[in-house]
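I opened my notebook to look up a few things in this structure. Here are my entries, in the order I made them.

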Amino acid sequence: MKALQPVRGTRDLIGDDARRHFRVVDTARRVTALYGASEWATPIFESTAVFARTLGETSDVVTKEMYTFEDRSGESITLRPEATAGICRAVISNGLTQTLPQKIFFQGPMFRYERPQKGRYRQFHQIDFEIIGAAEPLADAEAIACGWQILRELGIADGTVLNINTLGDKASRDAYRTALVDYLSRYEADLSADSRTRLARNPLRILDSKDSGDIALLAAAPVIYDHLNAESAAFYDGVKSALAQFGIPFVENPRIVRGFDYYNHTAFEFVTTELGAQGTVLGGGRYDGLMEQMGGPSIPGIGWGAGIERLAMLLADVPEAASMIAVIPMGEAQYPAALGILNRLRNAGIAAEMAYRGNVKRRMERANRIHARAAIIIGEDELARDAVAVKFLDDGTQREVAIGDLAALLR
RNA sequence: GCGGACGUAGCUCAGUCGGUAGAGCGCCAGGUUGUGGUCCUGGAUGUCGUGGGUUCGAUCCCCAUCGUUCGCCCCA
C-alpha cells in the first residue's frame with residue numbers, strides 16, 4: 001500500500017484540486033498576455049551550476065533543499081527549485097539578447113526538498129512572469145500590476161497586501177549591510193541563535209526574523225532608505241509613483257529581503273494572513289546582475305513567481321462547468337441515430353457524450369452526474385418524425401426538436 | 001533539519017476504562033417496463049496507516065516506521 005501512495009510532499013491533481021489549479025494557470029496565462037507576455041517552457045532540470053551559482057551559496061535552497069543527482073554520465077543535474085535562473089539561461093542559450101525586452105509567462109512544477117506543510121510541497125507549481133532587458137522602474141511597476149491583476153481576477157486580492165521595499169544597487173546594499181552589521185554586532189548576545197548565524201552569513205536575512213527579541217532589537221536598527229545613493233533612491237521613487245499611477249495600493253516594508261542573492265532594487269511580496277506561515281502568495285524583484293553572474297552579458301531583469309497551490313487554496317469554490325450534452329438512446333435500435341447525432345453535435349463544436357451502457361434511467365443519472373445541461377432522448381416514436389426529445393436538466397423542461405435544428409438550439 | 005498534534009468505510013468523523021467496529025454523505029439495487037436532480041425501502045463496503053512489543057486476547061497500551069498537519073528554519 002505504501003508504494004501506491006504518492007511520494008512525500010507530492011500530490012495528485014484530480015477533481016476539485018485540478019479545477020482550482022488550472023483556474024489559476026488559465027487566469028495567469030490570459031492576464032500576462034494582456035501585458036504582452038509570450039509563454040515559454042524550459043526543461044524541468046538543468047545543470048546544477050545554473051542554480052548553485054545564481055541563487056547564492058548561502059541560501060537555504062542551495063545548501064539543503066535542492067534535488068541534485070548525477071545522471072549516468074556523471075553530470076550533476078538539479079531539478080529546478082525556481083524559474084528565473086532557467087529562464088535567464090534560456091535567454092543566453094538562444095541568443096535572445098539581441099531582441100530585448102522579452103516579457104515571459106511561465107508555468108510548471110518546481111522542486112525543493114523541504115518538510116511539507118499546507119501550502120508547501122516538494123513538488124509544487126508556480127506561475128511566473130519576467131520582463132528581461134528593461135532597466136526602467138516602469139517595468140517593475142508593470143510586473144507588479146500584472147501580478148495584482150491576476151490576484152484580482154482570481155478574486156483573492158482583497159485578502160492580500162502588497163509589501164514593497166528596495167535593496168538598492170550594489171553600492172547602497174553594501175553600505176547598508178555594513179551599517180546593519182555594526183548595529184547588530186553590539187547586541188549580538190541578545191540575538192536569537194538563528195540570527196547570530198545569519199549575522200555572519202547573510203545579515204539582511206535577520207530583518208525578517210520572527211523571533212520577538214530580534215524584532216525588538218530591529219526597531220532601532222538602521223533602515224535601508226537612509227543608505228540609498230541618489231540613483232537608487234530615484235529608482236525606488238520611480239517605481240512607487242508608477243504604482244500609484246496604476247492605482248495599486250501598497251505598503252512600504254523595509255523588512256522585505258527576499259531569499260535569493262540575485263535581487264537588487266525592487267523587492268516585493270503579496271502576503272495573505274490566511275495561510276499561516278506560508279503567507280507569501282506572490283513575490284519577486286529585480287535582478288540586474290543575474291545574467292552577468294551566469295556568464296552572459298549585463299542585462300537587467302524584473303520578475304515574480306507565485307505558488308499555484310497557495311493561490312488555489314484561497315480561491316472560492318470552482319464549480320464544474322455545465323457544458324455537456326448527454327445523448328440517450330432508448331435502446332440499441334436507436335444507436336445508429338444516436339451516433340449520428342453525437343457526430344453532428346461534436347462537428348458543430350458542441351461537447352456531447354453518450355454513455356456506453358445502461359437503460360434510460362441509468363443514463364439520465366449519469367447525465368446529471370456529469371452536469372450535462374441537456375439530454376437528447378432518442379426514441380422510436382420521435383425518430384419516425386426525424387425528431388428527438390430535448391430535456392433541459394436545470395429546469396426539467398422537455399420538448400420535441402427536429403434533428404436538423406439540434407446544433408442551432410444547443411450551441 | 002528541530003519541536004507539537006493526528007492517522008478508523010470512497011469522503012467527513014464517532015467509538016471501544018483492551019473482548020476483532022458505527023453514523024452521515026457517497027455508491028449499488030428496488031419503488032417508477034420511454035426520463036435525472038427530490039422522496040421512500042433495502043444492500044455492500046474496512047487487513048481501525050504499516051511493522052514489532054506487552055497481553056489469554058490489541059483498533060485501543062508501548063516502541064519504531066510511513067504519511068498528514070501546526071510552529072520554527074526557509075520559501076511560492
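First I wrote down what a pocket is: on a 1 Å grid over the protein atoms alone, it is an open set of points where a 1.4 Å probe fits, with protein on both sides within 12 Å along at least five of seven lines. Lining residues have an atom within 4 Å of a point.

I noted the ground rules next. The model is predicted, so local features need pLDDT of at least 70 and side-chain atom pairs count only at pLDDT 80 or more, while totals for chains, interfaces and linings use all residues. Residues are numbered from 1 along each chain as its sequence is written, chains are lettered from A and ligands numbered from 1 in the order in which they are written, and side-chain values use heavy atoms, without hydrogens and water.

**Second largest pocket**

I looked up the lining of the second largest pocket and found 13 residues. Nearest the centre lie Lys170, Arg173, Asp261, Tyr263 and Asn264. The space in this pocket is about 300 Å³, a volume being the space filled by probe spheres set on the points, with grid points joined across faces, edges and corners.

Which helix gives the largest share of the lining? H6 does, with four residues. H6 covers 170-185, and helix H10 (290-293) also supplies at least two. Helices here are DSSP runs of H or I with at least four residues, strands are runs of E with at least two, and both are numbered from the N terminus.

**Helix H4**

Is H4 mostly covered or mostly open? Mostly covered: seven of the ten residues in 84-93 are buried. Buried means under 20% relative accessible area, exposed over 50%, and partly exposed in between, with a 1.4 Å probe and protein chains only. Among the buried ones I listed Thr84, Ile87, Cys88 and Val91. Their cover includes strand E5 (102-111), strand E6 (123-132) and H10. Just after H4, Gly95 has a positive phi of about 60°.

**Asp26**

I found Asp26 in helix H1, residues 16-34. Asp26 counts as partly exposed because its relative accessibility is 43%.

**Whole chain**

I counted 15 helices and 16 strands in chain A. Buried residues make up 49% of the 411. The C-alpha trace spans about 95 × 55 × 45 Å along its principal axes.

Conventions
Contact means heavy atoms within 4.5 Å.
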